[in-house]
Structures are given as structure tokens and as C-alpha cells.
Amino acid sequence: MARTTDQALAGRIVAARDESAFRELYRRHTPRLYQFVLRVLGGDELEAEDVLQDTWIRATRNLAGFRWESRFETWLTGIGLNLCRNRLRAGGRWTDLPEEILGTPGAAQRESRIDLERAIALLPAGYRTVLVLHDIEGYRHAEIAERLGVSEGTSKSQLWSARRYLRRLLGSGHPATGDVV
Amino acid sequence: MKDPDMPIDDREPVELTPEERAALDALPRERVPGRMLEERTINALRDGGLLGSAAPARQSVEGPARKGERGRPWWTAAAAMAAGIALFAGGLSVGQMLGARQTADAFQTVFEEGDARLASRVQRAGSDYVTALEALAEAGDAAADTGQALEVALTALWAAANEIVRLAPDDPLTARILQGFEARAVDAGEYGPGGQLLVEF
């Protein structure tokens, strides 16, 4: 039996405020959205759940205006990303480290080796977001730049810094980078 | 070594090694949030008028309850879900703590979390318990439900104690409550093969 499309479910929500349609749409997209939001926020489950709830509320409120020119999942992720950024900025966490900091091992870096997921969570929020979008979610720099309201160059440089920092956290140097051990 | 004076946009990209690429590809892309989140979201959408109220939908799907045809009441599920948040939200349960005897690990997890975050978790769980217990009170109109109500209330209490012990691991009252549950579970043979306390919802 063919799966009801996202657009059909959304239509029922808009036209009839249909709860069962919402539940189906929610269950279809929430696991991926939650993992994304959780990662961008650095692993705070409570905060991620709050963002997830706000994302669905905002999406439902604006569902009638969604033109279906992009995938629903992409649109939803964009809303979630904006909410994450707002939270990180409001909390003063949307910061990039100066270059010189990258060369100073912190407490976490003194550990011999840490889990990749934890290392990503330890990245500065700006670097982490670009790394998650590019290296995990598969976005291109042009798309990241558009979503974050920055230049492509900024996206590239943040990815550059994020990868370097991640390697330091993981304690795994790479010959190509020379200075990273 | 890269030239530090070179404009950052012109630097060579830090390419991922095949091993790094594989490690990133292996990260999970999906994760299921706490079970109460869906209900909270739907309640918020109902409150905002973005979804219809639940009552008419329930009647249209299930029809009115008939006398003598009593399944598990809806509030049982609501209360169990409220209790469940404690078990599934944090990845730490006293069942594991008592059953697997990993107390040191469990306490370490507690101490790694900030007090504010824990307080927030407890506050949220508390709100869910209050909601569930209100539902319980409203449903207390049938003597036949008393046993089930007790079961649900105990489950909620057990889960609440789970949350409190995360905030205050040394609280003597919470410890006594949990010891009582442990003794009750042992008497009833409710420990699973792995030594974990089994709780059925």
C-alpha cells in the first residue's frame, strides 16, 4: 500500500486540523530532525526536545504557506536549525574560537582519545553547525551559506577550523595538515 | 605547515581521510526523543488552535464505551507514559542501578550533569506526574479500577523516585522508597535475567 505523501498529510492538517495526520507526519520526520537538532545543540536532550517542539509548532503554523518547492524534511530542518541558532546565540554560545586557541589543548584534548560524537559536541557551536551540515548531513557550502546567512568563504573556513579542531580532540593527527597531532 | 598570513578562504581544505569519512558516515542519523514529547507537542498545537480537540476524534474512532466492555482505561496509559519519561529520558534508571549494581557509574553520570539541568528534568517530569495524577483522580469513579489505579500510582511514584535520586542521590526518604520497591520486586520475582528490575507499562 502506497504511503501517504507528506503533502497529503499536510493538506489534512491545514484543512481539517487532523491530529492523526499530524501524528503520522511527526513520527515520520521526528527521529531524523531530533538527531540533527541534538547534534547541533551539542547533545543537550532537554534543550533539543524544546527545540523540536517549537519546530513542529512553527512548521504547523506556517504549513499553509509552504509551497512544496523543496522537500518537507529540508524545510523542517531549516526551521529547526534557525531555532537552534537563536538559542545558541541567546545563550552566548554561538562563538568561534580564535585561531590561536586551536593550538592550545584543553582538558578534553588531554585525554588520549574520545568518542567522535562527544568530540563533535565539544566543538564551538559555529564550527559544529557547519561540520554537522556539511560532513554529516551532506549540505554544500552554498546551501550552508544561504541557511546561515554567511558567505561561502566563511562556511569553508569554519569547516576548515572545525575539522582541525575535531582532529585535535580525537587525538588523531593527519599528515596532510602537518601541524595537527 | 600552512602560511598563517594567507587569507583563510584561500587555504587548502582540510580533507577528510577515508577513515574519518567512514566514521562520520557511521554516526546515527536518527534518534527517537522521549515518548511524552509527541503528546506535549500535540497539546501545544491544540492549545494554539492548530489541531482539533481530541475528544471528538476519540469518539468517532472508538465509539462510546459500552458497559462491561472495559479495556485498559486511557488514563492508565497517560500515567504510564508520564512515568515512562523518567525511564527513557535520561538513559539512567534506578532499576539499572539496583539491578546491575553500577552505582558508582550511575552517580558519576549524575554528577556530570549540571544542577540546573537536573532541576529542569525533575520539574518537567513532575509536571507530567501531576497531569497523570489529575487524570487518575478524575477517573476514580469505578471500584473495579482501584487495583489498576494503585498499580499506576505506584509506577508513577517509582519513576518519580528515579528522578529525585538523580538530583539528590543521598536523600534517605527516596532511598527507602526505592528499597521498598526493590523488596517488592524481589518478592514478586520481577527481576529479569540480567538482574534488572522489570517494570511493565
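This is a predicted model: local features need pLDDT of at least 70, side-chain atom pairs count only at pLDDT 80 or more; totals for chains, interfaces and linings use all residues.

Colleague: Start with helix 2 and helix 3 of chain A. At what angle do they pack, and how far apart are their axes?

Modeller: Helix 2 of chain A covers residues 19–40, and helix 3 of chain A covers residues 45–61. They pack at an angle of about 135°. Their axes are 10 Å apart.

Colleague: What do you call that arrangement of helix 2 and helix 3 of chain A?

Modeller: An angle of about 135° makes helix 2 and helix 3 of chain A oblique to each other. Their crossing is right-handed.

Colleague: Which residues meet there, helix 2 against helix 3 of chain A?

Modeller: From helix 2 of chain A, you have A:Phe22, A:Tyr26, A:Thr30, A:Leu33, A:Tyr34, A:Val37 and A:Leu38. They meet A:Glu45, A:Ala48, A:Val51, A:Leu52, A:Thr55, A:Trp56 and A:Thr60 in helix 3 of chain A. By class, this contact has 10 nonpolar, 3 polar and 1 charged residues.

Colleague: Now helix 1 and helix 2 of chain A. Is that crossing left-handed or right-handed?

Modeller: Helix 1 and helix 2 of chain A cross left-handed. Helix 1 of chain A spans residues 6–16. Its axis comes within 8 Å of the axis of helix 2 of chain A, and the two cross at roughly 145°.

Colleague: Which residues are involved between helix 1 and helix 2 of chain A?

Modeller: A:Asp6, A:Leu9, A:Ala10, A:Arg12 and A:Ile13 come from helix 1 of chain A. Their partners in helix 2 of chain A are A:Ala21, A:Phe22, A:Glu24 and A:Leu25. That contact has 6 nonpolar, no polar and 3 charged residues.

Colleague: Switching topic. Is A:Thr30 buried or exposed?

Modeller: A:Thr30 sits in helix 2 of chain A. A:Thr30 is buried, because 22 other C-beta atoms lie within 10 Å, and the cut-off for buried is 20 or more.

Colleague: What does A:Thr30 touch, beyond residues up to four places away in sequence?

Modeller: A:Leu52 and B:Pro33. Separately, A:Thr30 and A:Leu76 are 46 residues apart in sequence and 9.6 Å apart in space, C-alpha to C-alpha.

Colleague: Back to helix 3 of chain A. What covers its buried residues?

Modeller: The cover includes helix 1, helix 2 and helix 4 (72–90) of chain A, together with helix 2 (36–47) of chain B. Among the buried residues of helix 3 of chain A are A:Glu49, A:Gln53 and A:Trp56.

Colleague: And how many residues does helix 3 of chain A have?

Modeller: Helix 3 of chain A has 17 residues. From first C-alpha to last, helix 3 of chain A reaches 24 Å, close to the 24 Å expected at 1.5 Å a residue.

Conventions:
Residues are numbered from 1 along each chain as its sequence is written. Chains are lettered from A and ligands numbered from 1 in the order in which they are written. Axes are lines fitted to C-alpha atoms, for helices over the stretch in contact, and angles run from 0 to 180 degrees between N-to-C directions. Helices (H or I, at least four residues) and strands (E, at least two) are DSSP runs, numbered from the N terminus. Angles under 35 degrees count as roughly parallel, over 145 as roughly antiparallel, 65 to 115 as roughly perpendicular and the rest as oblique. A crossing is left-handed if the near helix is turned anticlockwise from the far one by less than a right angle, and right-handed if clockwise. Two residues are in contact if their C-beta atoms, placed from the backbone, lie within 7 Å. Ala, Val, Leu, Ile, Met, Phe, Trp, Tyr, Cys and Pro count as nonpolar, Asp, Glu, Lys and Arg as charged, and the others, Gly among them, as polar. A residue is buried if 20 or more other C-beta atoms lie within 10 Å of its own, exposed if 12 or fewer, and partly exposed in between; C-beta atoms are placed from the backbone. The expected span of a helix is 1.5 Å times one less than its number of residues.
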